[in-house]
Amino acid sequence: MLSKSHTKDIQSLHHKKFRDEYGLFIAEGPKVVLDLLKGGKYACREVFAQKDWLSEHLRLPEAHPQTVFTEVADFELEKISALSTPNHVLAVFAKQHGDDPINCTGKLTLVLDTIQDPGNLGTIIRIA
């Protein structure tokens with residue numbers, strides 16, 4: 001059973017402001033969660049799953065001892081999910097920080113931030 005405060009903390013991650021503040025993000029659905037767990041690029045903090053999904057993936061807690069696996073009921077998953085129909089599993093992962101310095105010495109470098117329109121990217125590359 002999830003506490004109200006824990007439920008609110010997870011629900012807050014649906015908003016960018018809190019994802020940035022806490023350095024966490026949510027992944028929903030069996031395929032996405034399994035891919036992120038197997039990839040190992042992001043540290044998984046918690047997994048909230050229905051009983052049938054957990055019984056199907058018995059080896060995951062052994063492979064990820066730092067992760068807390070919690071069995072939740074359907075109505076609890078609905079509360080913490082951003083989807084209208086939750087999909088068996090939801091996980092909380094830590095964001096990676098891009099603190100690695102970029103070595104631009106002796107190289108032609110184009111640095112872009114938050115390009116959202118592919119047309120704009122094409123224009124910038126042609127101009128460069």
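## Strand 4: both faces covered

Both faces of strand 4 are covered. Val89, Ala91 and Phe93 lie on one side, Leu90, Val92 and Ala94 on the other, and all are buried. Buried means under 20% relative accessible area, exposed over 50%, and partly exposed in between, with a 1.4 Å probe and protein chains only. The count for strand 4 is 6 buried residues of 6. In a regular strand the side chains alternate between the two faces of the sheet.

This is a predicted model: local features need pLDDT of at least 70, side-chain atom pairs count only at pLDDT 80 or more, and totals for chains, interfaces and linings use all residues. Residues are numbered from 1 along each chain as its sequence is written, and side-chain values use heavy atoms, with hydrogens and water left out.

Helices (H or I, at least four residues) and strands (E, at least two) are DSSP runs, numbered from the N terminus. Two strands pair if DSSP finds at least two bridges between them.

Strand 4 (residues 89-94) pairs with strand 1 in the antiparallel sense, over 5 bridges. Across that pairing, Leu90 in strand 4 stands opposite Glu28. Strand 2 also runs antiparallel to strand 4, joined by 5 bridges. There, Val92 in strand 4 is the bridge partner of Glu46.

## Aromatic cluster

A pair of aromatic rings is described by the distance of the centres and the angle of the planes. Rings of Phe, Tyr and Trp (its six-membered ring) pair if their centres lie within 6.5 Å; planes under 30 degrees apart count as stacked, over 60 as edge-to-face and the rest as tilted. By this rule there are 3 aromatic pairs. Phe25 and Tyr42 are edge-to-face, because their ring centres are 5.3 Å apart and their planes stand at 85°. Phe25 lies in strand 1 and Tyr42 in the loop between helix 3 (30-39) and strand 2, so this pair ties together parts 17 residues apart in sequence. Phe25 is buried at 19% relative accessible area, while Tyr42 is partly exposed at 27%.

Phe25 and Phe93 form a stacked pair, 5.7 Å centre to centre with 20° between the planes. This pair links distant parts of the chain: Phe25 in strand 1 and Phe93 in strand 4 are 68 residues apart. Phe93 is buried, at 0% relative accessibility. Phe25, Tyr42 and Phe93 form one aromatic cluster.

## Helix 1 and its cover

In helix 1 (residues 4-12), Thr7, Ile10 and Ser12 are buried. Their cover includes helix 2 (16-22), strand 1, strand 2 (44-49), helix 6 (74-80) and strand 4.

Ser12 counts as buried at 12% relative accessibility. Leaving out residues up to four places away in sequence, Ser12 touches Phe18 and Tyr22. Contact means heavy atoms within 4.5 Å.
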